[in-house]
Structures are given as C-alpha cells and as structure tokens.
Amino acid sequence: MNVKCFSVCLFQYMSGFGNEFSSEDSRCPGSLPEGQNNPQVCPYGLYAEQLSGSAFTCPRPANKRSWLYRILPSVKHKPFTAVPCGNLTENWNEVEPDPNQVHHGKKYCSPNLASRQGLHTVCGAGDAKTRNGIAIHVYTCNTSMVDRCFNNSDGDFLIVPQQGEILITTEFGKMMVEPNEICVIQQGMRFSVDVFGETRGYILEVYGAHFELPDLGPIGANGLANPRDFLCPVAWYEDRTVATGYTVINKYQGKLFACQQDFSPFNVVAWHGNYTPYKYNLNNFMVINCVAFDHADPSIFTVLTAKSTRPGVAIADFVIFPPRWGVADRTFRPPYYHRNCMSEFMGLIKGHYEAKEEGFQPGGASLHSIMTPHGPDADCFEKNSVAELQPERVAEGTMAFMFESSFSMAVTKWGLQTCQRVDKSYYQCWEPLRSHFNPNWNNPILV
C-alpha cells in the first residue's frame, strides 16, 4: 500500500491505521532490501530483525509484524537484573476491595522525577502472565530520559498527555505528542521520552490485545476516528556509542528489569510492516450525536478499542467527550444516571467535565466501579431539568475522556492512600438530590 508521507512542524509522519508501511532514513537511500525480508547480506551491512506483535498463525487481518534493519541487533546486551518498581505495580490485592466512587479531584503532582520513576499505577485487573488484563497509570515527571529507554513486554501503552508536550523517540522514528493528542506504543517497542518542563498524563495499558478502530455498523464507512488521521513516524537512526552504558528498562510480568549495552537502541535505518507506534489528534474525531431526542450511548464516542474474546465486549475502550452540538428535544441533556456492568475511569485533559463542573480539575480522575451508581451532581440536575432547550455548544473548550473496561478494577494502595488525592467528600455532591415525585402529576405533553 502506498502511504502518504508529510511533515508536521519538524517531524515527518506517514498517514493511516494498520497500513503496510515502509520507511528508510534519507541518509541511507536503498537501505530497505528489495524483494525479500532477510537477505544473506543486508544493504549497508545492517542486521535484519523481525518484531512480532501477534502469533505467526493469526488470521491475516490480525497479523502484526514489522521488519527492522538496524546497525546492531537488540540481542546484544548484558543480562537483565531487577530494579525498583516504585509505584508501578500489578498487585491488585494491596488493599481491600472498595466499591465506592473514587474521585481524585486535584491534579497529580509533578516531582523531580524521570519518566520511569514517575509512573504510578492507579488501578487495574487481570494478569500480565496470562496476557489478559488492564492497568491504568498516571505519569508525572520533569526530567527527560537520558541514555535510557523503556520496553513494555507485558502489553500496549495508550498515552494521554495532559500537561506538557513529550518527544517520543522509538525504534521506528520520532513523534512529538501534545496535550489533546494521544499515542500508542505497542508491546515490545523500545522508546525514550524527552520532556520540556512539568509534564503529566494518563496511561492505559492492555495485556493480550492490541487497540483497533471500533466497528462502525450502521454508521457506515466513515466517522468517529478516521484511519487517515492516525500518524506513524518515519525512519530515523543514530549510530551512537555510549561508553558509560545505555540502560534498557524492561517491564516484564509486572516488574521492572534493566540491562546495559554500549550503543543506542535507536539504530534502525529502515523498516517495513504494519506493527508500529502511532499518534492521533483528538480534534480530528468526527463526532456523532443525537439530533432528535434522548441520548445515544457513549460508545458513539469510542476512539480505539481493545477487544476481548467475547463479541462486543472490550478489555478496554478509549472514549472521549469532545466539543459538539447538543440539540435533543424533550431531553435531559447531561449524562444520565447509570449503573454499568463495565468499570469507568474518567480523566480530564482540559476544561470542565459537563456532569461535574466543580471539583474536577484537569489532571484529576475518577473511578466508578462495576455497578456503582454515578451520574450528574445535584446542581447539574436541577439546572438542566428546567433549562430552555435550544441548540447549544456542549463541552466547548473541554476534553474529557474515559477508559472503560469489562474488568472489575481494583484500586492500588497508591491510588487510595499514598497519592493523597482522594476526595473523601465526593459522595456529598449527590446528597442534595431531592425527590420530585408527585403522584398527582399530569403530563403536560399529554394534556
């Protein structure tokens, strides 16, 4: 497939989702082998290395792999040894289960930490060993990774910056990712992060599945997140020896390990395949909404999904609530009251969340666990129950999102205690709700 290549500022990208891409650094023309993947001698004396993101025998539509042509293969390194995990964990039994609504109303702090130490696990479920599960982390850092990279052997990272742009260097090339954009670093891909001041955001990690575009069904061929708006980096390499040692950090079975090597891992001169990192600007989401009455379910705002083995049930969905028009007649327009068989983790990139305009700062979060009731606070209900219904812009200047999962997620000790961000008075926003029941009520629509 021919792939369009273009520049965004100083960075070049290729457009498409799940395409068969190919790229070579312009400093080494002809570095991609012609007609085969693994020639006896690669152009420029490179090594051929395959990165598999699926089993060899997966059906063709689900088969993910890329061939990398690199100056030295990734196998050249010293043994891995365990390193401290900090607040990164896969222990879902640190504290007793708690079905209450959890609200981190304030943004997470940003200590003087590099990217690895700045990862904090908030909640999750499942098991990386059996390749079935989910974890939600936040990151806070203001120090770049120097002569270090990260590799997640457990699953895919979907990264949602909230404050500060991040420059991500991968084996496939470079991506600049800003707030209101997301990026996905798939399982096994090595990457390093440069930051430019205080930086924070959210990470959704899934084990055992890759993110896909949701099926559109009766929506048709176009809509929601369109494939052409996803961007993949172009090949870029550095041939750099690191005499003091380059550290590769590997997340494996929920723990962190590190090894040393004497060269940069970003030495891929050319590559081809359909298993790549990618980014997406949330402003490009084509919103679909109700134009008559009632609500369509929030699944119409799904950007990416990681499917489970059960049809229609996701390990995780990434859902956004972007600026849009609200025009529904005879309808309570904010989100409805809800008990859900899925877990809902809410985050806020910017603005004010429409169902709770006070007490939810950008950079904060909430978790409404399986079957835990949630919905608009009392002020929101009273105001919108009597509002004159005119066409209006909803969520203008705002970008809220949800990580929704079929897993019953446990909150970590850091998420409930250590972070000191839990709003213990959260339940009180619903306490002023009062009964409006009138047994003698006459429906004005029917009178």
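## A buried histidine

The side chains of His137 and Thr121 are joined by a polar contact of 2.9 Å, where a polar contact is a pair of N or O atoms within 3.5 Å, of which, within protein, one must be able to donate a hydrogen and the other to accept it, residues adjacent in sequence counting only if both atoms are side-chain atoms. A second polar contact, of 2.8 Å, links the side chain of His137 with that of Glu205. The model is a predicted one, in which local features need pLDDT of at least 70 and side-chain atom pairs count only at pLDDT 80 or more, while totals for chains, interfaces and linings use all residues. Residues are numbered from 1 along each chain as its sequence is written, and side-chain values use heavy atoms, with hydrogens and water left out.

His137 is found in strand S9 (residues 132–141); strands (E, at least two residues) and helices (H or I, at least four residues) are DSSP runs numbered from the N terminus. His137 counts as buried because its relative accessibility is 0%, the terms being buried for under 20% relative accessible area, exposed for over 50% and partly exposed in between, with a 1.4 Å probe and protein chains only. When neighbours within four places in sequence are left aside, the residues in contact with His137 include Leu88, His120, Phe157 and Tyr202, contact meaning heavy atoms within 4.5 Å.

## Two domains

The chain is divided into domain 1 (13–93 + 113–282) and domain 2 (286–428), with bounds that come from an automatic or database domain assignment. Taken over C-alpha atoms, the centres of domain 1 and domain 2 are separated by 29 Å, and the contact takes 46 residues from domain 1 and 35 residues from domain 2. Between them the two domains bury about 3300 Å², 74% of it on carbon and sulfur atoms; buried area here is the accessible area (1.4 Å probe) that two parts lose on being put together, summed over both.

## A sheet of four strands

Strands S3, S20, S5 and S4 form an open sheet in the order S3-S20-S5-S4, with antiparallel pairing, two strands being paired if DSSP finds at least two bridges between them. Strand S3 (21–24) and strand S4 (47–52) stand at the edges with a single partner strand each, so one side of each is left without a neighbour in the sheet. From one strand to the next the twist averages 20°, with axes fitted as lines to C-alpha atoms, for helices over the stretch in contact, and angles running from 0 to 180 degrees between N-to-C directions.

S3 and S20 pair in the antiparallel sense over four bridges, and the bridge partner of Ser22 in S20 is His272. His272 is also the bridge partner of Trp67, where strand S5 (residues 65–70) runs antiparallel to strand S20 (residues 268–273) and five bridges join them.

## A sheet of six strands

Another open sheet, of six strands, has the order S7-S26-S25-S28-S23-S22 and antiparallel pairing. Its edges are strand S7 (102–104) and strand S22 (302–307), each with a single partner strand, so one side of each is left without a neighbour in the sheet. Within this sheet, strand S25 (residues 343–350) and strand S28 (residues 399–405) pair in the antiparallel sense over seven bridges, and Ser343 stands opposite Ser405 in S28.
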